[in-house]
Amino acid sequence: MLKGFKEFISRGNVLDLAVGVIIATAFSAIVKALNEEILMPLIGAIFGKPNFDHIWTININGAKILPGTLITTTVNFLIVAAAIYFFIIVPINRLKKPAEPVEETPVKTDEAVLLEEIRDLLARQQN
């Protein structure tokens with residue numbers, strides 16, 4: 001049983017997943033700073049508030065319903081998704097993309113040229 005567990009842990013997928021979680025945790029701090037310290041203050045400058053939580057408030061029997069929180073959460077999600085896409089996915093896809101092979105025209109050797117001439121002469125003699 002321990003041997004099976006050791007094989008499971010040492011598989012590449014588990015190690016890749018562990019590295020991914022660590023990188024995602026570190027990257028989330030960058031995205032959080034981008035979101036909370038740059039983009040949301042810009043939204044606040046445009047709309048007067050740093051988020052959409054209180055843009056539309058519904059009061060029903062003393063209960064406060066804030067549909068704007070869904071908008072704020074959606075904007076935050078889109079910011080995180082865009083950051084992941086542009087700063088992680090696009091660069092990794094560029095690194096994975098194989099270089100396009102350059103087609104080179106082969107240089108004919110003297111022997112190849114001579115053999116072609118012989119072939120052409122034989123073809124003419126047969127016709």
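**Reading the terms**

Guide: Gladly! Leu2 counts as exposed, with a relative accessibility of 71%. This is a predicted model, in which local features need pLDDT of at least 70, side-chain atom pairs count only at pLDDT 80 or more, and totals for chains, interfaces and linings use all residues. Residues are numbered from 1 along each chain as its sequence is written, and side-chain values use heavy atoms, with hydrogens and water left out.

Visitor: Why is Leu2 called exposed?

Guide: The scale is this: buried means under 20% relative accessible area, exposed means over 50%, and partly exposed lies in between (1.4 Å probe, protein chains only). Leu2 has 71%, so Leu2 is exposed. Leu2 lies in helix 1 (residues 2-10); helices are DSSP runs of H or I with at least four residues, strands are runs of E with at least two, and both are numbered from the N terminus.

Visitor: What makes Lys108 and Glu116 a salt bridge?

Guide: A salt bridge needs a side-chain nitrogen of Lys or Arg within 4 Å of a carboxyl oxygen of Asp or Glu. The closest N and O atoms of Lys108 and Glu116 are 3.2 Å apart, so the pair qualifies. Lys108 is exposed at 52%, while Glu116 is partly exposed at 28%.

Visitor: How many salt bridges does the whole structure hold?

Guide: The search finds 2. Besides the pair above, Asp120 forms one with Arg119, where the closest N and O atoms are 3.3 Å apart. Arg119 has a relative accessible area of 51% and is therefore exposed, whereas Asp120, at 33%, is partly exposed.

Visitor: Why is Thr72 called buried?

Guide: Thr72 has a relative accessibility of 7%, which is under the 20% limit, so Thr72 counts as buried. Thr72 sits in helix 3. Leaving aside neighbours within four places in sequence, Thr72 is in contact (heavy atoms within 4.5 Å) with Met40, Asn51, Phe52 and Asp53.

Visitor: What makes the ring pair of Tyr85 and Phe86 edge-to-face?

Guide: The search of the whole structure finds 1 aromatic pair. Tyr85 and Phe86 have ring centres 5.0 Å apart and planes at 80°. Rings of Phe, Tyr and Trp (its six-membered ring) pair if their centres lie within 6.5 Å; planes under 30 degrees apart count as stacked, over 60 as edge-to-face and the rest as tilted. The 80° is over 60, so the pair is edge-to-face. Phe86 is exposed at 55%, and Tyr85 is partly exposed at 42%.

Visitor: Which residues make the nonpolar surface patch?

Guide: Val80, Ile84, Tyr85, Phe86, Phe87 and Ile89 make a patch of about 570 Å². Patch residues have over 30% relative accessible area and no salt bridge; like charges are joined within 9 Å, and nonpolar side chains (Val, Leu, Ile, Met, Phe, Trp, Tyr) within 5 Å. The areas come from the Shrake-Rupley method with a 1.4 Å probe, and for residues only the protein chains shown count as cover. Val80, in helix 3 (residues 68-96), has 32%, so Val80 passes the area limit.

Visitor: What is the phi of Asn61?

Guide: Asn61 has a positive phi of about 50° although it is not a glycine. Most residues other than glycine have a negative phi. Asn61 is in the loop between strand 1 and strand 2 (63-65) and, at 82%, is exposed.
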